[in-house]
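These are my notebook entries on one protein chain. I looked up the overall build before turning to single elements and residues.

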Amino acid sequence: MKLNKHKPAQHTEMEFGGTLGAACIPVFLPLTVLYLLSVCRTPGGALLQWPPPLPHSTFLWDPVAVAIIVGWIGLQSALYLLPVGKESEGLVLRDGSKLKYPINGFHALCVTAVLLAVCVCLGMPLGYLFDLVLPLAVCAVGVSYLLALYLYIRSFWAPANQLALGGNTGNPLYDFFIGRELNPRIGSFDLKFFCELRPGLIGWVVLNAAMLMKEVELRGSPSLAMLMINSFQLLYVTDALWNEEAVLTTMDIVHDGFGFMLAFGDLAWVPFTYGLQAMFLVIHPQTLSPLSALGIILLNGVGYYIFRKSNSQKNQFRRDPTHKSVAHLETIATATGKRLLVSGWWGFVRHPNYLGDILMALAWSLPCGVSHILPYFYVIYFSVLLVHREARDERQCRAKYGLAWDTYCRRVPYRIIPYIY
Ligand code: NDP
């Protein structure tokens, strides 16, 4: 195989704090995951405590955790390869071609759920994952590093037109972090698409189920708060996998290369921080009044409705603008030939899907009460992420659509929250 000496792209703007960010984030974020998990298991549950609850190194390593992570990724890979579901095409690539993707994530979730139910019925102690969570997270971080290293090295054999536009700066630290190759594949196995929605996302709800089982072990039955968090997050993950095709038009797949940022995010950050609320409830039980439970369920419902409707509307519009569900919407033309929606959900604010996502995130934290900040970590982090993501997307859209984007911004002045932001 021929090693390709790619010329670094000229004037590529570095994101995430450039070289400094690329050097610090891969150290800081894995430590954050371990710290949050450690705090979550202390009775105090306080994020700022002195001395910090650092686990002894013997609690960070367990060969059983390695076997579980390897077995888990192996199982999800096998389910990815199952010849069920349909095959879908991604958007047109720079060389004019389109890649094909298996859309069977929902099947993978269902098979996983059945396998898990059978194992639990046969006596598998699922709640044990609560005790094993630190070594599991350490192992997931290790896998992300190894995967990112593999991706970085193999990208030098990829043709230049298969590199992400922002990932070929020639700065090894930054390129390793942000990802050089856009769609790395082993045969037809698409590594980025697989990691986006399978091992981490399904792993997240399995960990939630484990926390529920741990609660049952400790207190005899699951609490209302635990049931709500499990149900809300299961709905979110099921929705993502049911609408798996929509991921093919997201920034992660279309624009970003596959490097440490996405590998770590998908395999370690999502499963081990998004479910902190369920883990928090194991040690810090909460009682919810029926009225507050109803209010939180309503909030989650409203958030989900906005999130789903707006994402589906844009996805449908991008796939087939003449479809009857979107053909009546007002649009503006751009120099690229693509049009922008200026009515419907995308005329309400410029990122209605982010608004729905943030409302849901809040609903996932509220069942944990207001005594601790820790269960609010997700909604705080996620709001920051989406504000930053919105700014990145805005920059890319302005570069793509120029004056038409400015017109859109004038017509729809608010970014995420009407009259506020
Ligand atoms: P979006 O789905 O918001 O897509 C942004 C793209 O949509 C733009 O680049 C542009 O692309 C197109 N677009 C923007 N405005 C318009 C318009 N008015 N009319 C038509 N097209 C428009 O991107 P994300 O990938 O950020 O988000 C997808 C979903 O995933 C969101 O709901 C988000 O909240 C969620 N998400 C969740 C995360 C999590 O960790 N839970 C992390 C990140 C995202 P183009 O014009 O080229 O088509």
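**Entry 1. Overall build**

I began with burial: buried residues make up 51% of the 421 residues in the protein. I took buried as under 20% relative accessible area, exposed as over 50%, and partly exposed as in between, with a 1.4 Å probe and protein chains only.

I noted that this is a predicted model, in which local features need pLDDT of at least 70 and side-chain atom pairs count only at pLDDT 80 or more, while totals for chains, interfaces and linings use all residues. Residues are numbered from 1 along each chain as its sequence is written, and side-chain values use heavy atoms, with hydrogens and water left out.

I then looked up the secondary structure and found 16 helices and six strands in the protein. Helices (H or I, at least four residues) and strands (E, at least two) are DSSP runs, numbered from the N terminus. The radius of gyration is 22 Å, close to the 22 Å that the globule rule gives for 421 residues, so the protein is as compact as a globular protein of that length. That radius is taken over C-alpha atoms, and the rule is 2.2 Å times the number of residues to the power 0.38. Along the principal axes, the C-alpha trace spans about 60 × 55 × 45 Å.

I also looked up contact range. Of the contacts with a separation of 6 or more, 77% are accounted for by residues 24 or more positions apart; contact means heavy atoms within 4.5 Å.

**Entry 2. Helix H3**

I read helix H3 as residues 105-121, which is 17 residues. From first C-alpha to last it reaches 24 Å, close to the 24 Å expected at 1.5 Å a residue; the expected span is 1.5 Å times one less than the number of residues.

Which residues of H3 are buried? I listed Gly105, Ala108, Leu109 and Thr112. Seen down the axis of H3, these buried residues fall within an arc of 95 degrees, so they line one face of the helix. The arc is that of the directions from the helix axis to the C-beta atoms. On the other side of H3, I found Val114 and Cys121 exposed.

I next looked up what covers the buried residues of H3, and the cover includes helix H2 (63-81), strand S2 (100-103), helix H8 (199-219) and helix H9 (224-242). After H3 comes Gly123, with a positive phi near 105 degrees.

Leu116 is also found in H3. Leaving aside neighbours within four places in sequence, I found Leu116 in contact with Met124, Leu126 and Val206. Leu116 and Val206 are 90 residues apart in sequence, yet 8.5 Å apart in space, C-alpha to C-alpha.

**Entry 3. Two serines**

I placed Ser310 in helix H13 (residues 290-319). Its relative accessibility is 0%, so Ser310 counts as buried. Not counting residues up to four places away in sequence, Ser310 touches Trp345, Trp346, Pro352 and Asn353.

I placed Ser371 in the loop between helix H14 (352-365) and helix H15 (377-401). Ser371 counts as exposed at 54% relative accessibility.

**Entry 4. Aromatic rings**

How many aromatic pairs does a search of the whole structure find? I recorded 32 aromatic pairs. The rings of Trp345 and Phe348 have centres 6.2 Å apart and planes at 80 degrees, so this pair is edge-to-face. Rings of Phe, Tyr and Trp (its six-membered ring) pair if their centres lie within 6.5 Å; planes under 30 degrees apart count as stacked, over 60 as edge-to-face and the rest as tilted. Trp345 is partly exposed at 21% relative accessible area, and Phe348 is partly exposed at 40%.

I then looked up charges over rings, which require NZ of Lys or CZ of Arg within 6 Å of the ring centre and within 35 degrees of the ring normal. Arg41 lies over the face of Phe130, 4.9 Å from the ring centre. The charged end of Arg185 sits over the ring of Tyr101, 4.9 Å from its centre.

I noted Phe16, a residue other than glycine, with a positive phi near 55 degrees. Phe16 lies in the segment before helix H1 (18-40) and is partly exposed, at 23% relative accessible area.

Tyr419, also a residue other than glycine, has a positive phi near 65 degrees. I placed Tyr419 in the segment after helix H16 (403-411), and at 71% relative accessibility Tyr419 counts as exposed.
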